[in-house]
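Dear colleague,

Please find below the structure that I am handing over to you. My findings follow directly after it.

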Amino acid sequence: MEFQGAKLKFSIDNEATMLSLNRSIHSLSRSNRSTHGTKSFSKKISTEKNKKTKSEILKFVQESEHSMVKIAAIDIDGIPRGKYIDKDKFESTLDNGASFCSVVFGWDCADELYDNTQSVGWHMGYSDFETSLDTNTFRTIPWEKDMPFLLMDYTDKKTGKSLEVCPRSLLKNVISKLEKEGFTPYVGCEYEFFNYLENAHGLKEKGFVDPKPITPGMFGYSLLRLSQNRGYVDSLMKNIPKFGIPLEGFHTETGPGVLEAAIQFSSALEAADRAVLFKMATKELAHPFGIIPTFMAKPSASLPGCGGHMHMSLKGKDGKPSFFEEGKEGNMSQTFRHFLAGQMHCLPQIMPMFAPTINSYKRFVEGYWAPTTATWGIENRTVSFRVIGGSPKSLRVEVRIPGADANPYLAVAASLASGLYGIKNKLELPTPVGGSAYGDKKELKQEALPKNLYEAALKMRDSPVAVELFGKTFVDHFSSTRIWEWRKYQQAVTNWEIERYFEII
């Protein structure tokens, strides 16, 4: 579920770091803190309109109290991998680019090296790849005393050639293809995430079993639960917008300790940047409160999972919405219908880009607010593609397939590329689902989605459509990393197995 409200701005301070590290959220709620953030629903933040030039960035960095600059690239799992670099080195890196170890794309989320990939591996000695800093991503980190920060991607500064397995570069390539067809994509991401009164050491010592949520019970859209966690909530709402991630809405979701944030829409690349940095910021801001957020798709078998839904639309060369045509059914233009048909057609063949982990597929359970078929409908939360709004400005598609665990660059790239595929091939849109999409799959006449990561990875690896959309190098590498993930899972002995078989067998 999501909340679509007015565009909001929150005033900022860094009070999180001033509060006690007491792990009890109730103790935190009694701590001395300001509440002036409640006055912050005023002006729209637009980081895209306030971009700094290269010379302005250099001047800011040189005048900064910090001797270092923080930089990061995003790996295949959507995890920021980075470091701090000296001011002088930053200037040369901004001009000439820099080398960064290729292992970032040669290991998994636990830093275990893949043994089945060709683009990266021991066979090429893990030599460096060339990277470039993107000045459009410059921002400061308010909870690090305004530390300068930039994202980089694997683009050779001298040749302009991008690494084919780099997620951010892949999205840039998809956007370029849309622009060549006369379209500019806009995207807004939203995240549901559980929050626990834990720390990394304690959670590991207890085997990640029975983490304690910050609040008990199922209490969606609860103002009470937000007020009971005011210190943490204020820190998120104040610091994240100052980090260049404007929030459109923030509320509790159904489930113990579950929050949801809707990030203000923007151009597609900016939206993916905001999404990946939102997750990073949330984890960093939670730490002083003794809280660990999780963006796992399904952290509990008995509760709804965490969605990472995306709202998207296109504008044409004339700047007008491409999805809207008054008088048509639902005011949906033919372009919109082809776009949506492409998304539905491609979905089963590129599923790992939306559901990249073992856990992702545990979320796709009927009756738990997640889709289970490649279906669409108008204002229907049981389908994969929910059409919302009817006016030129509001008409869009909400892609409900991704969990909060998806790599934002890959999920946005997959959605846009498959939509463009539908436009170029003039695919016809099937009948929308009017009621529940949790019914008979044959009756719905829609292809069921892959049931697990292994099935999905094999389907993508062998798909000519996937290769057409993203290139063989990326498809081979990414599907191999997902097959590796499945192999690691197959080697694991789970608590379920021990509880079920230990004594009785």
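R386 is buried, with a relative accessible area of 4%, in this predicted model. Its salt-bridge partner is E379, at 2.7 Å from N to O. E379 counts as partly exposed, at 46% relative accessibility.

This pair belongs to a set of 24 salt bridges in the structure. Another joins the side chains of K70 and E284, at 3.6 Å from N to O. K70 lies in strand β1 (residues 68–74) and E284 in helix α8, so the pair ties together parts that are 214 residues apart in sequence. K70 has 13% relative accessibility and therefore counts as buried, since the limit is under 20%. E284, at 26%, counts as partly exposed.

Helix α8 also holds D273, whose partner R168 lies in helix α4 (residues 167–180), 105 residues away. The closest N and O atoms of D273 and R168 are 2.9 Å apart. D273 is buried at 2% relative accessibility, and R168 is likewise buried at 2%. Salt bridges with shared partners join D134, D153, R168, K172 and D273 into one network.

Turning to the nonpolar residues, the largest nonpolar core has 134 residues, of which F90, F278, M353, F470 and F474 touch the most other members. Helix α8 (residues 268–286) gives the most to this core, with twelve residues. Leaving aside residues up to four places away in sequence, F470 touches L170, V174, I350, M353, A413, A414, A417 and V475.

For the chain as a whole, there are 15 helices and 15 strands, and 56% of the 505 residues count as buried.

With kind regards

Terms used. Residues numbered from 1 in each chain as written. Predicted model: local features only at pLDDT ≥ 70, side-chain atom pairs only at ≥ 80, totals over all residues. Heavy atoms only, no water. Core = buried A, V, L, I, M, F, W, Y, C linked by side-chain atoms within 4.5 Å. Buried < 20%, exposed > 50% of the residue type's maximum accessible area, 1.4 Å probe, protein only. Helix = DSSP H or I, 4+ residues; strand = E, 2+ residues; numbered from the N terminus. Contact = heavy atoms within 4.5 Å. Salt bridge = Lys/Arg side-chain N within 4 Å of Asp/Glu carboxyl O.
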